[in-house]
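Dear colleague,

My findings follow it, for you to read alongside the model.

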Amino acid sequence: MTKHVVITGANRGIGLGFVRHYLAKGDRVSACCRQPAQASALIQLAEIHANLNIIQLDVTDDVSVHALPQHLNDAAIDILINNAGYYGPKGIGFGQLRAAEWQKVLAVNTIAPIMVTQICYPMLQKATNAKVICISSKMGSMADNQSGGSYLYRSSKAGLNAALKSLAIDLSSEEIYCLAFHPGWVQTDMGGPNALITVNEAVDQMARCIENLDATQSGQFLNFDGQQIPW
Ligand code: NDP
């Protein structure tokens, strides 16, 4: 059966990879991005895929987030992928931290995915076994942190993981399943050219895990290949 998949940060990188993946499967895709008029890859895809809808969404902008249900015609959402992310300024270590920059990273990576999920909640409830996917990072893992630094990004993804856990528990009685992913070190603008895997490799493996996601796995933090990651 075809599904309705909503993806944030869908104009490039991993988000665009998810768009391509679900379009190829024949699913209906709502691709959300900050500047639709500049989203050339999405515009090209929309010319050949009638099942692609491009939607304006800045995940940190309240007005934009509140307009989402109307853009989606309040339709049932089977899979919501909270993918939009921001690393923040690079090379900022202890001693140079600035609260305003930190707040920006927290706004995109920690707060926005939950606010977007909250506004989508009535549409998630309309689907059977809807799935909420948050693209997190192993850099948010406390157990994995051997090198310190990256205060802004690490704390933002750790916060996302904590919120995702609560979400999974709170939505379990309605059989809405939630997952946090480390997508791997992926060749995108954020991952850089030396990253270990392509967008397609990361997306194909995560999509397989999403397909198999059920109540037993809801609330977990998984590597893109399905292995559990310690918090
Ligand atoms: P990119 O930098 O390539 O893309 C980031 C995407 O997020 C862009 O579409 C960008 O839109 C969007 N975005 C940023 N801020 C906002 C906002 N306020 N509102 C809406 N969209 C926004 O990153 P990746 O594709 O590599 O990353 C995708 C996710 O994967 C992120 O959550 C990232 O943290 C995570 N991740 C990536 C890793 C990697 O190796 N690549 C490793 C671990 C985690 P715009 O074009 O308008 O800026």
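Two strands are said to pair if DSSP finds at least two bridges between them. With that understood, this predicted model contains an open sheet of seven strands, in the order 3-2-1-4-5-6-7, with parallel pairing. Strand 3 (52-56) and strand 7 (220-223) are the edge strands, each pairing on one side only. From one strand to the next, the twist averages 20°.

Within the sheet, strand 5 (residues 131-135) pairs with strand 6 (residues 177-182) in the parallel sense, over five bridges. Opposite I135 stands F181 in strand 6. Helix 2 (residues 40-48) packs on the sheet, where it touches strand 2 (28-33) and strand 3; the direction of helix 2 makes about 145° with that of strand 3.

Helix 5 (residues 99-125) packs with helix 6 (residues 151-171) at an angle of about 20°, and their axes are 9 Å apart. Because angles under 35 degrees count as roughly parallel, helix 5 is described as roughly parallel to helix 6. Their crossing is right-handed. Residues making the contact include W102, L106 and I114 of helix 5 and Y153, L160 and L167 of helix 6. By class, this contact has ten nonpolar, five polar and two charged residues.

Finally, the ligand is surrounded by 30 residues, of which the closest are G9, G13, G85, T188 and G191. The shell comprises 13 nonpolar, 13 polar and four charged residues. Helix 1 (residues 13-24) gives the most to this shell, with three residues.

Yours sincerely

Terms used:
Residues are numbered from 1 along each chain as its sequence is written. This is a predicted model: local features need pLDDT of at least 70, side-chain atom pairs count only at pLDDT 80 or more; totals for chains, interfaces and linings use all residues. A residue is near a molecule or strand if its C-beta atom, placed from the backbone, lies within 6 Å of it. Helices (H or I, at least four residues) and strands (E, at least two) are DSSP runs, numbered from the N terminus. Ala, Val, Leu, Ile, Met, Phe, Trp, Tyr, Cys and Pro count as nonpolar, Asp, Glu, Lys and Arg as charged, and the others, Gly among them, as polar. Axes are lines fitted to C-alpha atoms, for helices over the stretch in contact, and angles run from 0 to 180 degrees between N-to-C directions. Angles under 35 degrees count as roughly parallel, over 145 as roughly antiparallel, 65 to 115 as roughly perpendicular and the rest as oblique. A crossing is left-handed if the near helix is turned anticlockwise from the far one by less than a right angle, and right-handed if clockwise. Two residues are in contact if their C-beta atoms, placed from the backbone, lie within 7 Å.
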